[in-house]
Amino acid sequence: MLNSFLGVLFFMGMLSGVWFSIHSDSWLGVWVGLELNLVCFIPLMIQGDSMSSEPSVKYFLVQACASFLLLFSGASLMNYKEGMKMLILISLLLKLGAAPFYVWYLWVGDSLKWLQFLVLSTVQKIAPLVLLFFSGVNKGGEILIYLSIIMSGLIGGVGGINEVSLRKLLVFSSLNHMGWMMMPLVSENEFWFIYFLFYCLMITMTIWILSLLKLYYLNQMFSVSVSWANKLTLMMTFFSLGGLPPLLGFFPKLVVIESSVGSPMVLNLSFMIMMSVITLFYYLRMGLSVLMLNHLKIKSNLMFFKKFSVTIILLVTLLGAETSTFLFQSFLQ
Amino acid sequence: MFSFMFLVAFLVFFLVFKHVLSSLISLEFLVLAMFMLLSLFPLSSSMEMYTSFFFISIVVCEAALGLSLVILWVRKKGNDLFTSF
């Protein structure tokens, strides 16, 4: 849909809604931006799926409810300070799709095509995360944010073990990464945004390959139309999502670990590390069966990469961690 | 008093319904509670109703969007029950 005029209009409207919400002074402006974001994203969601509106209705109801909660808590903040801080936190976590408010994200994410899933996972998370950082809820609502970090890590790790739908797997991995992202956010360290940018890059690369090959379920990866080179690149992107060095996804986790080690978040951090090992388990399990067992014998020819973009994706995944250490030296002390 | 109205509206919104249209109606009840909170409090204290324009226009857009989504649902599935396959 992005080829047409309306597609560009709605996409720009979505981005301007995010922009307006981030830069506004009052809670009303925040709400206006979030509503604009919602209203412009829904047509993009409907377009890809032969006019099936079921994920759109679920998404719309949940997000509208969360926006109204946010506006209500913003409007009543002067009178009921502590309770409303908790309510702001609840509504922003509901908008994010973090645990314990993740069920809508599972339902909606499982019914979308890859492009809409990508926009849902990256662009729609910018505004709630920035609002979480700037609304100052880490003074008042610590118990809920720590609970959300731990539950996101746990559910993102353990929930993906029995999944065959690739979209649901990426939803669970997104949950785990949300937990990791909220750790520097709570400690008021600005690195969470760089983690978010790295996560957007990694998941864009993964979804690019998956939408090129039109794979939606795990058993489709065994078909003969997927050459070995494409499978290798896909597995590299999954491993970088799981956080294996020397791939791209290791660097943000390293910086979060290094910055949280001295602080009281150490217990939290060790739990998150254990949970991300579990996510690595299901990526590795996927990679084992895809890379090593061939269901149909594939004759791999010497012309490895027919598409240039797949080469770029492999290069960024393999070499990205080294180059980004030079760029972000200041965070590594 | 208006926050009590909001809480009741929120409760009504997420109690389980059969029809999608009823959850849209309860969303409008939420909007009504919010409208009272946003425009009647400043009116009673400082004679200002300026922000209600913004609020109402955006809420109307959202309600129209919700209604068109329900229409798509009904066209695809034949009824607007939540549990239809």
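This is a predicted model: local features need pLDDT of at least 70, side-chain atom pairs count only at pLDDT 80 or more; totals for chains, interfaces and linings use all residues.

Q: How do I read the size of an interface, and how much area do chain A and chain B bury between them?
A: Interface size is often expressed as the accessible area that is lost when the parts come together. Here chain A and chain B bury about 2,400 Å² between them, and 85% of that is on carbon and sulfur atoms. Three residues, Phe60(A), Phe68(A) and Phe72(A), supply 27% of the area that chain A buries against chain B, more than any other three residues. Counted by contacts, 26 residues of chain A meet 26 residues of chain B.

Q: How many salt bridges are there between chain A and chain B?
A: There is one salt bridge between the two chains. Lys77(B) forms a salt bridge with Glu54(A), and their closest N and O atoms are 2.3 Å apart.

Q: How do I read a cavity, and which residues line the largest cavity?
A: A cavity is a space where a 1.4 Å probe fits but cannot get out. The count is one cavity of 30 Å³ or more, and the largest cavity holds about 60 Å³ of space. Its lining consists of Leu34(A), Asn37(A), Leu38(A), Tyr59(A), Gln63(A), Lys95(A), Gln124(A) and Pro128(A). By class, that makes four nonpolar, three polar and one charged residues.

Q: Which helix gives the largest share of that lining?
A: The largest share, three residues, comes from α2(A). Both α2 (27-47) and α3 (54-75) of chain A supply at least two residues each.

Q: Where does UniProt place the "transmembrane region" in chain B?
A: The unreviewed UniProt entry puts this feature at residues 49-74 of chain B. In the model, that span is 92% helix and 0% strand, and its end C-alpha atoms lie 38 Å apart.

Q: How do I read the backbone for exceptions?
A: Then look for departures from it. Glu188(A) is not a glycine, yet has a positive phi of about 55°. Glu188(A) sits in the loop between α10 (166-186) and α11 (191-212) of chain A.

Q: Is the peptide bond from Pro245(A) to Pro246(A) cis or trans?
A: That bond is cis, with omega near 0°. Pro246(A) is found in the loop between α12 (228-242) and α13 (250-260) of chain A.

Technical notes
Residues are numbered from 1 along each chain as its sequence is written. Chains are lettered from A and ligands numbered from 1 in the order in which they are written. Side-chain values use heavy atoms; hydrogens and water are left out. UniProt positions are given in the numbering used here, feature names are shortened, and annotations may be inferred rather than shown by experiment. Helices (H or I, at least four residues) and strands (E, at least two) are DSSP runs, numbered from the N terminus. On a 1 Å grid over the protein atoms alone, a cavity is a set of points where a 1.4 Å probe fits but cannot get out, and a pocket is an open set with protein on both sides within 12 Å along at least five of seven lines; lining residues have an atom within 4 Å of a point. Grid points are joined across faces, edges and corners, and a volume is the space filled by probe spheres set on the points. Ala, Val, Leu, Ile, Met, Phe, Trp, Tyr, Cys and Pro count as nonpolar, Asp, Glu, Lys and Arg as charged, and the others, Gly among them, as polar. Contact means heavy atoms within 4.5 Å. Buried area is the accessible area (1.4 Å probe) that two parts lose on being put together, summed over both. A salt bridge is a side-chain nitrogen of Lys or Arg within 4 Å of a carboxyl oxygen of Asp or Glu.
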